[in-house]
Amino acid sequence: MQNDKFKNYLHLHFLVFIAGFTAILGQLITIGSIPLVWYRMLMAGLLMFFYIKFIKLKIKVDQRTMLKFFGAGIIIALHWITFFEAIKQSNISITLAMFSTGAFFASFIEPLFYKRRIIWYEILFGVIVVIGVFLITHGELRYINGIILGVVSALLSSLFAVINGTFIKTHSATVISFYEFISGVVFLTLFILIFKGGFDAGFFKLSAADLIFLFVLASICTAYAFIGIVKVMRFISPYTVVLSYNLEPVYGITLALILFPETEKMGPHFYYGAILVLLSVVMDAVFKNVISHRAKKRKGYKVD
């Protein structure tokens, strides 16, 4: 039993490492952010389709639900586009530090969706996040475009996560992902046809390296990671999962410093700001866990 628990924790941190590695792939892939996301969602959607067929999962949903999935698919597509464009406009460290502000946005988005009041410590940690972002911006003003895109990406990610939280109550995570990936491809295809002049031969002309990196991104960092996290959450508490995923920027920035030392070494203001942002995210998760435990105890539930 203890051995199984250790394996699940190990699997969880491997998934977090994979999430951090996504940014590395964004740096390595040479095509633009829009075609990058188009290929990612297409490949991941196809892989999810084969997985659904393999496990014989029913995927039929009504038209209203389909439209909701389509809207969420557009949000995740825009999140990924701004995320990868932030990397190209700045670097991995800036992008991941800004991505950490997602917890700050979630603190204000969640009350709107779940009709609850904003909690005092969420405001406090939100202020700390703002100070952290200010320090990063002050020290790395030359990366202002990447900073703005990174913050927008974090906002879209938080919005997507909260919306998906409402879907998961009544639908399979695999089905949700499949429809969101496919709807993202449809949205980006229409966008490219209308605003980018359509698909030319150059769009489908990929280097061998780009093709390999895209497949790794779509298969391991997207399809496998999503299926894996659903499996892990059957054995590990959501709190532990959320807290562990806060290490994603740490893993990603560490990898970036090792692989791209010439572009990823930042000034002291960046690290002061990044530490403040990460610390606020971790403390927010800790506070939520403590309060949740106390609430359960008051209601007479058994708490480990």
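These notebook entries record what I looked up in this predicted model.

**Ground rules.** I number residues from 1 along each chain as its sequence is written, and I leave out hydrogens and water, so that side-chain values use heavy atoms. Since the model is predicted, local features need pLDDT of at least 70 and side-chain atom pairs count only at pLDDT 80 or more, while totals for chains, interfaces and linings use all residues.

**Entry 1, the surface.** I looked up a nonpolar patch on the surface and found that it is formed by Phe108, Ile118, Ile123, Val127 and Ile131, with about 390 Å² of accessible area together. For a patch, I take residues with over 30% relative accessible area and no salt bridge, joining nonpolar side chains (Val, Leu, Ile, Met, Phe, Trp, Tyr) within 5 Å and like charges within 9 Å. A salt bridge is a side-chain nitrogen of Lys or Arg within 4 Å of a carboxyl oxygen of Asp or Glu, and areas come from the Shrake-Rupley method with a 1.4 Å probe, where for residues only the protein chains shown count as cover. Helix H6 (residues 120-139) gives the largest share of this patch, three residues; helices are DSSP runs (H or I, at least four residues), numbered from the N terminus. Ile118 sits in the loop between helix H5 (102-114) and H6, and I note it as partly exposed because its relative accessibility is 34%, partly exposed being the range between buried (under 20%) and exposed (over 50%).

I then looked for cavities, each a set of points on a 1 Å grid over the protein atoms alone where a 1.4 Å probe fits but cannot get out, and the structure holds one of 30 Å³ or more. About 50 Å³ of space lies in the largest cavity, a volume being the space filled by probe spheres set on the points, which are joined across faces, edges and corners. Its lining residues (with an atom within 4 Å of a point) include Phe104, Glu122, Phe125 and Asp284. H5, H6 and helix H13 (268-298) each give two or more residues to this lining, and H6 gives the largest share, four residues.

Leu259, in helix H11 (residues 248-259), counts as partly exposed because its relative accessibility is 45%. I placed Val152 in helix H7 (residues 144-167), and its C-alpha atom is 9.5 Å from that of Ala86, 66 residues apart along the chain.

Conventions: Buried < 20%, exposed > 50% of the residue type's maximum accessible area, 1.4 Å probe, protein only. 1 Å grid on protein atoms, 1.4 Å probe; cavity = no way out; pocket = protein on both sides within 12 Å on 5 of 7 lines; lining within 4 Å.
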